[in-house]
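Let's learn to read a few features of a protein model. Have the sequence and the 3D view open.

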Amino acid sequence: MSLRDEAAELDTRDPLAGKRAEFDVDPDLSYLDGNSLGAPPRGVAPRLAEVVGEQWGRRLIRSWDEGWWDAPERIGDRIAPLVGAAPGQVVVGDSTTVNLFKALVAGVRLNPDRPEILLDAATFPTDGYIAESAARLTGHRVRRVPVREMASAVSSRTALALVNHVDYVTGELHDLPLVTEAVHAAGALAVWDLCHSAGAVPVPLDAAGVDLAVGCTYKFLNGGPGAPAFLYVARKWLDVFEQPLSGWAGHADPFGMTPSYAGGTGIRRGRTGTPDILSMLALDAALDVWEDVTIDQVRAKGLALGEFFLRCLDDLVPDAEVVTPRSRGNQISVRRPDAKATMGELIARGVIGDFRPPDVLRFGLAALYVRYADVLRAAEELRALR
């Protein structure tokens, strides 16, 4: 059987094949960049039209009391099952960067008298920037450590460790339970960045005992460009979690207009300012695509797409240098000296992935809408550019 026939058969048998129709994806494109920006679910545009035309246009300020104000917690509870969290521990709002700052400062406050923050050495740059900033403000020192060395590096001096669940360049999936256990064994807190795993792979936050976590919603959760991020706080910390951005939305009585701050109860303490309602409700609509699908189904297809892509590369581009290990998220990365120019050529040919300097091509396998035919096409176009 040819690869093309096999791809057609796999797409026919795919139990998630019907989900693609729920997304507005150009049929002429093979879109393999959902690990940077997810495709728009078809339900988002009409929902936003209703929000603007009816909720904002007709109900006006009354809409704050008709669902807007509680949206960050309500939508957080919709995300919670996708990251292995019980209700009441996830809140949506702000950006990943802002939520990371909240988590890091709150984390060192929860674990005082320890001067060190351990940082995943291969972390996404903003995580490093924010870790250094939080450290300067709190009198801590940041030490960068490869994730594979985290268990031996953590010590009685470590307040917390910040780790990425999936490496943004290589796509490597790190062992969240194992690393969390090692960090806890030294008395430190475990803080995880889920930007490249939420909506792609199972994330056992509660089961693994993770303390704090952050993640974005515009990648595999398809919330749209600039969609609000989320913050997870383990239940055991909810009553004592003290984040540094004590804005009015996190106040126990936000409309009391009192001069002093008193944090609200539960996950509301993670809120800061007025929520961005248009982006928030676009995300809410985007999450509807998860109503009849599980993260385990998505993970199974993501792995199958990856295995088929690797076979296509072996057959068609045998000299391709795959840098993604077997333990991976829903992403395949290929090293190529002329990666930036190559990705430009691929995009011109209708295969959209992305490039990370200096030499890595990234292909995101968003299982809700990527087909086996799409990954075969990527390999065929790579062969044509050799």
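**Rings, charges and helices**

Q: Which charged residue end sits over the ring of tryptophan 69?

A: This is a predicted model. In it, the charged end of arginine 271 lies over the tryptophan 69 ring, 4.5 Å from the ring's centre.

Q: Which residues do ring pairs link into a cluster?

A: Rings pair if their centres lie within 6.5 Å. Here such pairs join Trp64, Trp68, Trp69, Trp248 and Phe255.

Q: How many aromatic pairs are there by this rule?

A: The count is 10. Take tryptophan 64 and tryptophan 68: their ring centres are 5.2 Å apart and their planes stand at 90°, so this pair is edge-to-face.

Q: Is tryptophan 68 buried or exposed?

A: Buried means under 20% relative accessible area. Tryptophan 68 has 8%, so it counts as buried. Tryptophan 64 has 23%, so it is partly exposed.

Q: Which parts does the pair of phenylalanine 309 and phenylalanine 363 tie together?

A: First, the geometry. The ring centres of phenylalanine 309 and phenylalanine 363 are 5.3 Å apart, with planes at 85°, so the pair is edge-to-face. Phenylalanine 309 is in helix H10 and phenylalanine 363 in strand S13, so the pair ties parts 54 residues apart in sequence. Both phenylalanine 309 and phenylalanine 363 are buried.

Q: At what angle do helix H1 and helix H10 cross?

A: Their axes cross at roughly 170° and come within 12 Å. Angles over 145 degrees count as roughly antiparallel, so H1 is roughly antiparallel to H10. Residues making the contact include Leu3 and Leu10 of H1, and Phe308 and Leu316 of H10. By class, the contact has six nonpolar, no polar and three charged residues.

Technical notes: Residues are numbered from 1 along each chain as its sequence is written. This is a predicted model: local features need pLDDT of at least 70, side-chain atom pairs count only at pLDDT 80 or more; totals for chains, interfaces and linings use all residues. Side-chain values use heavy atoms; hydrogens and water are left out. Axes are lines fitted to C-alpha atoms, for helices over the stretch in contact, and angles run from 0 to 180 degrees between N-to-C directions. Helices (H or I, at least four residues) and strands (E, at least two) are DSSP runs, numbered from the N terminus. Angles under 35 degrees count as roughly parallel, over 145 as roughly antiparallel, 65 to 115 as roughly perpendicular and the rest as oblique. Contact means heavy atoms within 4.5 Å. Ala, Val, Leu, Ile, Met, Phe, Trp, Tyr, Cys and Pro count as nonpolar, Asp, Glu, Lys and Arg as charged, and the others, Gly among them, as polar. Rings of Phe, Tyr and Trp (its six-membered ring) pair if their centres lie within 6.5 Å; planes under 30 degrees apart count as stacked, over 60 as edge-to-face and the rest as tilted. Buried means under 20% relative accessible area, exposed over 50%, partly exposed in between (1.4 Å probe, protein chains only). A charge sits over a ring if NZ of Lys or CZ of Arg is within 6 Å of the ring centre and within 35 degrees of the ring normal.
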